[in-house]
Amino acid sequence: MQLKGALIAGISAASLVALTARAQPVATVDARAGIYLDSDHTTIVTTTAAASGTIKDRVTISGRYLADIVTSASVDVVSAATAKFEETRHEASGSVAYADGTTTGSLGYVFSIENDWTSHSINGGASRDFYDHQLTASLGGSLTFNAVGRSGDENFARDLTQGSVALGASVVPSKNDLVNVTYTFMVLSGYQASPYRFVYFKSPAVTALTAGNPETDPEGRIRHALGARWNRHVFSESAIRSQARVYLDDWGVISGTLGVEYVVGFGPVDAAVFARGYGQRAATFYEATYEERRRYMTADRELSTFVDAFGGVRVGYRGHFTKVIQEFRAELKAEAFVFHYFDYPLLVDRTGFTLETGLGASF
Amino acid sequence: MRRPRKPLALASAALLPALALAPACRSGLDEPAPLPALDEAYFRCRVQPVLTKSCGAFACHGDARRYFHMFARSRLRLGGTEEQRNGLMRDQERAFNFDAARAMVSVDEPDESLLLRKPLETSAGGYYHGAVPLGSSNIFPNKDDPDYKTLAAWASGAKEDPACVEPGSDL
């Protein structure tokens, strides 16, 4: 989960620069709340508060706080010794961004802490428009230092360092189209297994029985992702946003994502319906049960072969209120999903949904 | 008016190197890792009695649902009836226990072995152990504990006479 989140953050580093660069109001405040529920007995309640201020239309300083309260009795963590756990993750981030209409730059820091994981991350990005804003080239990167622990265990400590670089280009091939392509390269080094997770291998002496072994993942990993987004304006007040992404790494994982969203505006209200599909081939060393003991063994379902599909709706409102409150924003989003694991006997299917709501204002 | 194609062409060209970077899989991902070649006689005659006494209760590692579980007389057995539960250990049970325990040993760093650090008190360098909340302390209060030393010696390669007689063998 941490790794996936970091990769997404890396990919979005460049786009974050662009988004921040377009902030015109002097100050903004936003709050979001969401709940995630799935059939694997996991509930996550997320709350976020964010604020930003812009100085002289060029420099924006932002801050954000996020809290995840996780309650889980997932098959991934439950054993005879562990029935259920609850933990809270706190994340605080801050950034400073510059934008002058043609060039952007940003620098940010993220601190995240939970009972068995602490991370410090710095990220930066820059972009520049060319050809009368028809082409925007962007470069972003991040460096994260993680301290991996084990709940209730003061003597277990491992390190994981990850770095990423994202290179992006956005073009405007017509007045109705915007296309963005981003390539992300990520390197991880350190402890990437779970201290809670064990795998089973067939006992050499009694092959009818399986013995447990701590999960062992390689300490290095190189990841590549190539993503493309295409926003096309259709009819009078609507747009189709589509995305495609391919991913591969040197653990043998290959995946592809396809997504589409249709957004239609009704004055200050916009509504969207979206769907996304994902398919992944397992890491080379993943097996549900190992025939023999190996140097690398994992029982992480995120490294198994699986497909998932997400679909949902989103309704947003943006309205001008007063001279003081330049804009008031509200959003409601509902999403349902299904996962199907082809080689994870503990859980063949996982279904669930998320509900999110957000409120914000610009001054 | 048709817009110039130059930006799109430039962007496409810039992405070609990314495709060329597609990696091959890291080598050795499927490499076998045989269980540590530790001494079977030492395990049978010295380690197994410690595990039976300190680890094999039904509520602990005498539960087959545990990743690390083990067989012992009057405890978890490989088949048989309730009346046979206190019968002599079978060869398969001994052999499985030997494999299960070796999987928890790191031969490169014996002191880092889960077999040693999990039952060791935290103040002595041990890891979190689910047994602790059940009692007042972990299995081994420190590294001077005689049973800890037995496990540590085995993990470090100690050997025993193959003809040794295990306690509780009724021989």
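Which residues of helix 5 of chain B are buried? They are B:Asp147, B:Tyr148, B:Thr150, B:Leu151, B:Ala152, B:Trp154 and B:Ala155, where buried means under 20% relative accessible area, exposed over 50% and partly exposed in between (1.4 Å probe, protein chains only).

This is a predicted model, in which local features need pLDDT of at least 70 and side-chain atom pairs count only at pLDDT 80 or more, while totals for chains, interfaces and linings use all residues. Residues are numbered from 1 along each chain as its sequence is written, chains are lettered from A and ligands numbered from 1 in the order in which they are written, and side-chain values use heavy atoms, with hydrogens and water left out.

**Stop 1: helix 5 of chain B**

Select chain B, which has five helices and zero strands. Helices (H or I, at least four residues) and strands (E, at least two) are DSSP runs, numbered from the N terminus. Of the 171 residues in chain B, 43% are buried.

Now select helix 5, residues 146-155. Seven of its 10 residues are buried, so helix 5 of chain B is largely enclosed by the rest of the structure. The cover over those buried residues includes helix 2, helix 3 and helix 4 of chain B.

**Stop 2: the largest nonpolar core**

Select B:Leu51, B:Leu115, B:Leu151 and B:Trp154, which touch the most other members of the largest nonpolar core, a set of 39 residues. A nonpolar core is a set of buried Ala, Val, Leu, Ile, Met, Phe, Trp, Tyr and Cys residues joined through side-chain atoms within 4.5 Å. At least two residues of this core come from each of strand 10 of chain A and helix 2, helix 3, helix 4 and helix 5 of chain B.

Centre on B:Leu115 and show its contacts (heavy atoms within 4.5 Å). Leaving out residues up to four places away in sequence, B:Leu115 touches B:Leu51, B:Phe68, B:Ala101, B:Met104, B:Val105, B:Leu151 and B:Trp154. In soluble globular proteins, nonpolar side chains tend to be buried together.

**Stop 3: cysteines of chain B**

Select B:Cys45 and B:Cys164, which a disulfide joins with S to S at 2.0 Å. A disulfide is a pair of cysteine sulfur atoms within 2.5 Å, and by this rule the count over all chains is one. B:Cys45 is in helix 2 (residues 40-54) of chain B and B:Cys164 in the segment after helix 5, 119 residues apart. The torsion about their S-S bond is about 90°, so the disulfide is right-handed. B:Cys45 is buried at 10% relative accessible area, and B:Cys164 is buried at 15%.

Next, select B:Cys55, which is buried at 12% relative accessibility. For B:Cys25, the relative accessible area is 38%, which counts as partly exposed.

**Stop 4: a ring pair between the chains**

Rings of Phe, Tyr and Trp (its six-membered ring) pair if their centres lie within 6.5 Å; planes under 30 degrees apart count as stacked, over 60 as edge-to-face and the rest as tilted. Over all chains there are 21 aromatic pairs. Select A:Phe198 and B:Tyr67: their ring centres are 5.1 Å apart and their planes at 15°, so the pair is stacked. A:Phe198 is in strand 10 (residues 198-202) of chain A, and B:Tyr67 is in the loop between helix 2 and helix 3 (91-102) of chain B. Both residues are buried.

**Stop 5: strands and rings in chain A**

Select strand 17 (residues 327-341) of chain A, which is antiparallel to strand 16 (residues 306-319) and joined to it by 14 bridges. Strand 18 (residues 349-362) of chain A also runs antiparallel to strand 17, with 14 bridges between them. Two strands pair if DSSP finds at least two bridges between them.

One aromatic cluster includes A:Tyr36, A:Phe310, A:Phe339 and A:Tyr341. The charged end of A:Arg350 sits over the ring of A:Phe339, 4.1 Å from its centre; the rule is NZ of Lys or CZ of Arg within 6 Å of the ring centre and within 35 degrees of the ring normal.

**Stop 6: two loop residues in chain A**

Most residues other than glycine have a negative phi. A:Tyr131 is not a glycine, yet has a positive phi of about 50°. A:Tyr131 lies in the loop between strand 6 and strand 7 of chain A and is partly exposed at 40% relative accessibility. A:Phe235 has a positive phi of about 55° and lies in the loop between strand 12 and strand 13 of chain A. A:Phe235 is exposed, with a relative accessible area of 73%.
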